[in-house]
Amino acid sequence: MADNEDLTAGSANDKSGHDKSSNVWDIVIIGGGPGGYVAAIRAAQMGARVCVVEKDELGGTCLNRGCIPTKALVASVSVLDQIRQASVFGVEVGEARPDFSRMMAHKQETVERLVKGVQYLFKKNKIALIKGTARLAGAGRVEAKLADGTQVLAAKNIIIATGADPSVFPAFGHDGKQVITSDEALSLSEIPGRLLIIGGGVIGCEFACIFAGLGTKVTIVEAMPSILPMLDKEVSRQLQSYLKRRGITVKTRIKTDTIKKGPGEVTAVLEGGEEIAVDKVLVSVGRVVNTAGLGLGEAGVAATARGEVIVNDRMRTNVPGVYAIGDVTDSKYKLAHVASRQGIVAVENIMGKDSRMDYGAVPNAVFTLPEAASVGLTEDEAREKGLEIRTGKFAFIANGKAISMGETEGFVKFIADAATDRVLGVHIVGPHASDLIAEATLAIRLGATSAQVAETIHAHPTLAEVAMEAAEAVHGLAIHA
Ligand code: FAD
């Protein structure tokens, strides 16, 4: 469907039995990121007439400026790493060097392919798409500002899925050149020689691995006692030592005071006076919700002091017929897969099914080198809840597949309830952690015990056997320990 087509009668999915002659959309979704576009597809599958208003590209932050482009770059760096170790595997190749412009082209091709995929799915599901900036315009109304005018859409239900943008600390003098955010880091034309990353969260650590792998001298400055503070302490400690081994300098418990810009160089002054001169500073200290100009106040939609739209577990706001999903909400999980699930829950409720968000088993993956991933409670969280726990740990270095791949860093750690043996949390640092966490997520969601995971036959030789042996280790029974 062409952008800005007149979106009234007849342009909708006709499986619904809804009144096709009506000019009222069943659902208007503001924002086409992984929250909005997934919600739109599920709504169409369920027979709703649905229209998405997106001001930029379909796929949102995730496809265009987040998950996907970063993973494309991590994949390039992994290839470089592998080639550098090729002789260990009996493969002789010449010197491996990054071709940064080709690497960025690979990233861009990956993004474009996936965005086209979503465009195709919209056509296939007969979802209307308007290119414009939307705002709430009174009960059941959305106004879309188009390139050549405005269009008002009438909607029985509205889903706000406008996401978030990088926080720009004015004090740090963000200029998109010397002081950048993740958005600009994804479109650099040259590999910086020296890079300071303010913030050792997921985004900061992923960029640290990307640029360190390309030869950049990387320093991370983190105010908290450890990088990736949301991870189990043992995992973040181990990962920090791996990052150091990759040549990344990590400074924790210290804040950046000021940034001084000079010709060709920028200097960060840390608390206590230490100065670090670099080519670029990447500020990665969180994200701000996209609600400016959305008309939340006029529409009476309640938000937190930080502007996050307050939702319940059915993704309803306080205004009937207005839902919100994804990064724009007050949910503590700012992840693409959570946004998508919230989109499905919102749509199911709109379509008459009683559906609730279950945050009991939300996997979290960090695409560093090596990766980290977790689900459920950390050891500290379990103890804070007063739970008696047993833990089991198994290292990749004792696993046949990991040894043959030459990727032996890390471990899997299971946390189980001491009384019931139910799996409470699983934490991984090591190869393919982001894939391995799926089994643990299912185990927690289904209320499995660590014994049940241990008794499940795992294919040999696989990295997944490390999870099985960690589950065995909860009972002191890991075979290869
Ligand atoms: P978004 O993806 O931000 O989409 C919102 C959309 O709304 C945008 O397209 C925007 O243009 C549009 N919009 C905003 N306002 C309006 C308006 N008024 N009118 C019309 N359109 C509007 N998460 C993971 O799970 N895994 C990862 O590996 C991962 N890596 C990341 C790496 C980086 C560098 C970044 C920045 C983020 C990463 N994330 C990752 C987070 C993930 O991208 C977000 O959690 C996810 O995109 C949120 O989805 P959303 O649909 O809520 O919002």
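The shell around the ligand divides into 14 nonpolar, 15 polar and 9 charged residues, in a model that is predicted. Of the 38 residues around the ligand, those that come nearest are Glu54, Thr61, Lys71, Ala134 and Ala336.

**Elements around the ligand**
- At least two residues of the shell come from each of strand S2 (50-54), helix H2 (60-65), helix H3, strand S4 (133-136) and helix H9 (336-350).
- Helix H2 gives the most to this shell, with 4 residues.

**Polar contacts and cover of the ligand**
- In the side chain of Glu54, a polar atom lies 2.6 Å from an oxygen atom of the ligand, and an N or O atom in the side chain of Thr61 is 2.6 Å from an oxygen atom of the ligand.
- For Lys334, a backbone N or O atom lies 3.4 Å from an oxygen atom of the ligand.
- On its own the ligand has 1000 Å² of accessible area, of which the protein covers 95%.

**The second largest pocket**
- Helix H3 (67-84) and helix H7 (233-245) each supply at least two residues of the lining, and H3 gives the most, with 7 residues.
- By class, the lining of this pocket has 10 nonpolar, 8 polar and 7 charged residues.
- Because domain 2 (170-285) and domain 3 (370-473) both give residues to the lining, the second largest pocket lies between them.

How values were computed
Residues are numbered from 1 along each chain as its sequence is written. This is a predicted model: local features need pLDDT of at least 70, side-chain atom pairs count only at pLDDT 80 or more; totals for chains, interfaces and linings use all residues. Side-chain values use heavy atoms; hydrogens and water are left out. Ala, Val, Leu, Ile, Met, Phe, Trp, Tyr, Cys and Pro count as nonpolar, Asp, Glu, Lys and Arg as charged, and the others, Gly among them, as polar. Domain bounds come from an automatic or database domain assignment. A residue is near a molecule or strand if one of its heavy atoms lies within 4 Å of it. A polar contact is a pair of N or O atoms within 3.5 Å; within protein, one must be able to donate a hydrogen and the other to accept it, and residues adjacent in sequence count only if both atoms are side-chain atoms. Accessible areas come from the Shrake-Rupley method with a 1.4 Å probe; for residues, only the protein chains shown count as cover.
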